[in-house]
Amino acid sequence: MKRIALFPGSFDPFTKGHEDIVLRGLKLFDEVVIGVGRNARKERYFPLDQMMELIEGAFQAHPAVRVISYEDLTARVARNEGAKFLLRGLRNTTDFEYENGISQVNRYVYDEIETVFLITSPDLAPISSSIVRDLHRYGQPVDTFLPYKL
Ligand code: ADP
């Protein structure tokens, strides 16, 4: 059976830190599904359709990567996609505290799901979507943080 992992996130925007997690995930799994979460109550900075296209472009050379968007419980989406694994990146202890909680909830929703955490590569750890948004909002070039051209 194919080992499929869902990599869920807001990806607003998708950064080189996220790309690193996907590329390393490909060494562990047969397929990595990047799930861009939609939240009707939270407005995005980068439009969803644009971000999905950019992510797809960034992984053109990797047929084992698929991009979807969803508005549902993450664990339920994983089950529907045939994914028994969730892939997440850990940058620091703040990420850990947060991830600890959600990984318990995800197992409550889908008891077969396992979350696999990859520790961020040190050079990419300082990159966060919110910092990239702030830089971009005030006109600072952000290409160096992104695996595609905006
Ligand atoms: P969420 O809103 O679900 O936290 P994000 O898009 O911010 O979504 O992040 C998705 C996943 O990517 C999370 O597991 C997060 O810890 C991880 N991540 C974010 N930035 C980096 C980075 N620079 N390096 C590695 N992983 C990262």
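A nonpolar core is taken here as a set of buried Ala, Val, Leu, Ile, Met, Phe, Trp, Tyr and Cys residues joined through side-chain atoms within 4.5 Å, where buried means under 20% relative accessible area with a 1.4 Å probe and protein chains only. The structure is a predicted model, in which local features need pLDDT of at least 70 and side-chain atom pairs count only at pLDDT 80 or more, whereas totals for chains, interfaces and linings use all residues. Residues are numbered from 1 along each chain as its sequence is written, and side-chain values use heavy atoms, with hydrogens and water left out.

The largest nonpolar core comprises 28 residues, and those with the most contacts inside it are Phe7, Phe14, Val22, Ile34, Ile55 and Leu87. At least two residues each are supplied by strand 1, helix 1, strand 2 (31-37), helix 2 (48-58), strand 3 (65-70) and strand 4, helices (H or I, at least four residues) and strands (E, at least two) being DSSP runs numbered from the N terminus. Helix 2 gives the most to this core, with 5 residues. Apart from this core lies another, of 12 residues, which includes Ile4, Val77, Ala78 and Tyr110.

In helix 1, the buried residues are Gly17, His18, Asp20, Ile21, Val22 and Gly25. Strand 1, strand 2, strand 3, strand 4, strand 5 and helix 5 are among the elements that cover them. When residues up to four places away in sequence are not counted, Val22 touches Phe7, Phe14, Val32, Ile34, Phe59 and Val65, a contact being heavy atoms within 4.5 Å. At the start of helix 1, a side-chain oxygen of Thr15 comes to within 3.1 Å of the backbone nitrogen of Gly17.

The loop between strand 1 and helix 1 holds Phe11 and also Pro13. Phi of Phe11 is near 50°, a positive value in a residue other than glycine, and Phe11 is buried, with a relative accessible area of 3%. The peptide bond from Asp12 to Pro13 is cis, with omega near 5°.

A pocket is an open set of points, on a 1 Å grid over the protein atoms alone, where a 1.4 Å probe fits and protein lies on both sides within 12 Å along at least five of seven lines; lining residues have an atom within 4 Å of a point. The largest pocket is lined by 46 residues, of which Pro8, Gly9, Ser10, Arg88 and Tyr98 lie nearest its centre. Elements giving two or more residues to this lining include helix 1 (16-25) and strand 4 (85-90), while helix 4 gives the most, with 9 residues.

Technical notes:
Buried means under 20% relative accessible area, exposed over 50%, partly exposed in between (1.4 Å probe, protein chains only). A polar contact is a pair of N or O atoms within 3.5 Å; within protein, one must be able to donate a hydrogen and the other to accept it, and residues adjacent in sequence count only if both atoms are side-chain atoms.
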